[in-house]
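Dear colleague,

I am handing over to you the structure shown below. Please keep it open while you read the notes that follow it.

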Amino acid sequence: MVTGGASGIGLAAVERLLAAGARVVVADLNEKRGAEVLRQLGSENLRFVATDVADETQVERMFGYAVDQFGRLDILFNNAGLGGAVGPITEIGYDNWRRTFDILVGGVFLGIKHAARLLIAQGDGGIIVNTASIAGTGAGFGPQAYSAAKAAVINLTETAAVELAAHRIRVNAICPGVIFTQLWIAGDEDGAADAIRNFQPWPDQGQPGDIADALLFLTSKQSAFMTGQTLTVDGGLTAAHGNFFQARASNRALSTISGFTYGTTGHPNIIKRLDTTAATGNG
Ligand SMILES: NC(=O)c1ccc[n+]([C@@H]2O[C@H](COP(=O)([O-])OP(=O)(O)OC[C@H]3O[C@@H](n4cnc5c(N)ncnc54)[C@H](O)[C@@H]3O)[C@@H](O)[C@H]2O)c1
């Protein structure tokens with residue numbers, strides 16, 4: 001079961017899972033795109049069910065449909081999402097805040113709840129993977145409600161993993177960095193590329209397939225002992241802490257000095273200026 005499987009990361013996941021031999025149900029709010037995906041991929045192992053993941057009745061129906069079509073559930077990719085509430089915190093309507101949480105956290109909760117009921121009843125374990133975000137690990141990567149909701153997804157991954165481990169149900173999350181889907185591009189290809197150019201260490205743009213690859217690992221036997229974890233796939237974006245230091249280091253003043261800075265300890269800094277020709281290895 002792949003929620004949000006009609007576009008972007010979810011769609012790449014559907015393609016990878018089909019190629020790996022899985023039978024896949026796509027659940028998505030966007031019925032038009034769902035129909036296109038069915039047509040485009042043209043696989044007898046693929047189904048679509050129109051679903052709002054924030055609606056419990058619809059979530060129950062989506063799992064019922066999957067079992068009806070394919071007999072059982074093995075894997076849930078809780079991936080549906082959107083940007084949600086945006087704007088200054090002083091201007092955000094509570095309705096928009098709540099709707100963001102309903103979809104991004106409520107949808108993940110409902111998916112875990114009803115998948116776990118099914119998997120426990122089947123009695124032979126299962127796999128749940130949630131799409132969180134690097135936005136859930138701190139400020140600076142997304143709007144307030146989105147970031148707070150994704151932080152909740154990371155935490156829910158841990159609590160659910162602990163609770164469901166006895167049933168051999170593994171629960172992990174993926175934190176994508178900047179992935180070039182419509183959610184990120186939002187009609188402005190150049191702006192989307194510019195926004196990461198100075199911040200992401202890895203030179204390639206993140207693609208939906210990069211996250212689908214991580215999903216495949218988390219659904220495979222190669223991750224059999226892994227649960228309650230969050231796998232970050234972000235081209236080094238968070239390792240570089242927003243690349244703040246690297247951005248400063250590329251400024252000539254910082255890249256031509258070496259030493260030790262003592263901050264506000266009262267010790268004087270020990271800094272020497274580098275011989276730039278020596279630094280390039282020419283003598
Ligand atoms: N693209 C990024 O840079 C990025 C980074 C971090 C996390 N994410 C997360 O990855 C996930 C997938 O996003 P994407 O980038 O592929 O975006 P996308 O817009 O390409 O795909 C998201 C899909 O989710 C569906 N969806 C939205 N709300 C839904 C609902 N209530 N019920 C059912 N389906 C719903 C949409 O119709 C769409 O098909 C989201 O959870 C998003 O927050 C994306």
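This is a predicted model: local features need pLDDT of at least 70, side-chain atom pairs count only at pLDDT 80 or more; totals for chains, interfaces and linings use all residues.

Residues are numbered from 1 along each chain as its sequence is written, and side-chain values use heavy atoms, with hydrogens and water left out.

Helices (H or I, at least four residues) and strands (E, at least two) are DSSP runs, numbered from the N terminus. "Buried" stands for under 20% relative accessible area, "exposed" for over 50%, and "partly exposed" for values in between (1.4 Å probe, protein chains only).

Two strands pair if DSSP finds at least two bridges between them. Strand β5 (residues 126-131) runs parallel to β6 and is joined to β6 by 6 bridges. Within this pair, Ile174 of β6 stands opposite Thr131. Between β5 and β6 the chain passes through helix α5 (residues 144-164), and this β-α-β crossover is right-handed (with the strands pointing away from the viewer, the path from the first strand over the helix to the second runs clockwise). β6 also pairs in the parallel sense with strand β7 (residues 230-233), over 4 bridges. There, Ala173 has Thr230 of β7 as its bridge partner.

The nonpolar cores

A nonpolar core is a set of buried Ala, Val, Leu, Ile, Met, Phe, Trp, Tyr and Cys residues joined through side-chain atoms within 4.5 Å. The largest one has 35 residues, and those with the most contacts inside it are Met1, Met62, Phe63, Ile128, Leu164 and Val171. At least two residues of this core come from each of β2 (24-28), α3 (56-70), α4 (94-122), α5, β6 and α7 (189-197). Helix α4 gives the largest share, 6 residues. A second, separate core has 25 residues, including Val2, Phe77, Ala212 and Met226.

Contact means heavy atoms within 4.5 Å. Residues up to four places away in sequence aside, Leu164 touches Ile112, Ala116, Ile120, Ile169 and Val171.

Domains

The domain assignment (bounds from an automatic or database assignment) gives domain 1 (2-238) and domain 2 (251-279). Their centres, taken over C-alpha atoms, are separated by 44 Å.

Single residues

Gly209 belongs to helix α8 and is buried, at 14% relative accessibility. Neighbours within four places in sequence aside, Gly209 is in contact with Ala12 and Arg16.

Ser220 lies in the loop between α8 (208-218) and β7. Ser220 is buried, with a relative accessible area of 17%, and its side chain reaches the backbone oxygen of Phe217 at 2.8 Å.

Most residues other than glycine have a negative phi. Arg168, however, has a positive phi near 60°; this residue lies in the loop between α5 and β6 and is exposed, with a relative accessible area of 68%. Ala186 also has a positive phi, near 45°. Ala186 is found in the loop between α6 (182-185) and α7 and counts as exposed, at 60% relative accessibility.

Conventions
A polar contact is a pair of N or O atoms within 3.5 Å; within protein, one must be able to donate a hydrogen and the other to accept it, and residues adjacent in sequence count only if both atoms are side-chain atoms.
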